[in-house]
Amino acid sequence: PDSAEMHIVPVSAAELFEENIACWTQSSQGINFSCAASLAANQVYASRGELSAADFLTEPQKVMSLDFNTAGKAACSEELDFLISRTGLCHGFLGWFKMRLAQQWLSTSPDEPRTHWSQIYLPLELPLELRAGDSLNLKLLRPQFGDWTWVTSHGGRTFRNSTFLSGGLSLDSVKLSRQDQKLKLSPEGRLAHFVTTQLEQN
């Protein structure tokens, strides 16, 4: 491939939201799992099947284009404004990419024939009621090799989700996410480097 594009659209996807987010708000066997709902809402979900059932609340927009011949990094920092054309509950965003091979474009859009790649679902923690004519703002951020963050704004309210908040964090994992972090070998890596160096010298 020599180039690619990313596309995204706000969607109404009640079944998908129920299966992955809302299910954690229900107690089971006397145990309250509601604290996991926030973690689940900060995940990015990929699937080739159920994501295609999501209903678009407006026209998709292109997030970014990437020319593989000239691109020096793969970071993302984009802001999009959607004009909602269909009244409904917004449960998050559906994203996909298309990639050019020679003169042929391959797309993971739900409107295109299925490939072995999938769309992705970026959820909201709580559904957002939208009406036709509303404006919806989305900021999509990801430093190179970092976590995805999606910030949604509507009617004076802002909702922030990030894969950084989707699980337990260790000090080492936080350090690795820093922009100025310099990678270094772990003890196991230093040992492997020493052994291979000795073998090469012999």
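## The pocket

A pocket here is an open set of grid points where a 1.4 Å probe fits, with protein on both sides within 12 Å along at least five of seven lines. With that in hand, and bearing in mind that this is a predicted model, the largest pocket comes out at a volume of about 400 Å³. What lines it? The lining of the largest pocket runs to 25 residues, and those nearest its centre are Glu5, Met6, Trp96, Phe97 and Trp148.

The elements giving two or more residues to the lining are β1, β4, β6, β8 and β9 (135–142), and β1 supplies the largest share, with five residues.

## Salt bridges

How many salt bridges does the model have? The count comes to five.

Asp55 and Arg86 make another salt bridge through their side chains, 3.8 Å from N to O. Asp55 belongs to strand β3 (residues 55–56) and Arg86 to the loop between β5 (76–83) and β6, so here the linked parts are 31 residues apart in sequence. Asp55 is partly exposed, with a relative accessible area of 34%, and Arg86 is partly exposed too, at 40% relative accessibility. Then there's Arg131, which forms a salt bridge with Glu129; their closest N and O atoms are 3.5 Å apart.

## Strand β8 and its partners

Strand β8 (residues 119–130) pairs with strand β2 (residues 45–47) in the antiparallel sense, over three bridges. Ala46 has Ile120 of β8 as its bridge partner. Strand β8 also pairs with strand β6 (residues 88–101); those two run antiparallel and are joined by seven bridges. In that pairing, Gly92 has Pro123 of β8 as its bridge partner.

Is Ile120 buried, partly exposed or exposed? This β8 residue counts as partly exposed, at 32% relative accessibility, because the buried class stops under 20% and the exposed class starts over 50%. Ile120 also has a contact from elsewhere along the chain: its C-alpha atom is separated by 5.2 Å from that of Gly95, which is 25 residues away in sequence.

## Strand β9 and its partners

Strand β9 pairs with β5 as well: the two run antiparallel and are joined by eight bridges. Ser77 has Leu141 of β9 as its bridge partner. Strand β9 also pairs with strand β10 (residues 149–154), again in the antiparallel sense, over five bridges, and there Asn137 stands opposite Ser153 in β10.

Where does a positive phi show up? In the hairpin of β9 and β10, with six residues between the strands, Phe145 takes a positive phi near 70°. Ala102 has one as well, about 60°, although it is not a glycine. Ala102 is found in the loop between β6 and β7 (104–107) and is exposed, at 61% relative accessibility.

## Cysteines

How many disulfides are there? The count is zero. Cys76 is buried, at 4% relative accessibility, and Cys90 is buried as well, at 0%. For a disulfide to be counted, two cysteine sulfur atoms would have to lie within 2.5 Å.

Technical notes. Residues are numbered from 1 along each chain as its sequence is written. This is a predicted model: local features need pLDDT of at least 70, side-chain atom pairs count only at pLDDT 80 or more; totals for chains, interfaces and linings use all residues. Side-chain values use heavy atoms; hydrogens and water are left out. Two strands pair if DSSP finds at least two bridges between them. Helices (H or I, at least four residues) and strands (E, at least two) are DSSP runs, numbered from the N terminus. A salt bridge is a side-chain nitrogen of Lys or Arg within 4 Å of a carboxyl oxygen of Asp or Glu. Buried means under 20% relative accessible area, exposed over 50%, partly exposed in between (1.4 Å probe, protein chains only). On a 1 Å grid over the protein atoms alone, a cavity is a set of points where a 1.4 Å probe fits but cannot get out, and a pocket is an open set with protein on both sides within 12 Å along at least five of seven lines; lining residues have an atom within 4 Å of a point. Grid points are joined across faces, edges and corners, and a volume is the space filled by probe spheres set on the points.
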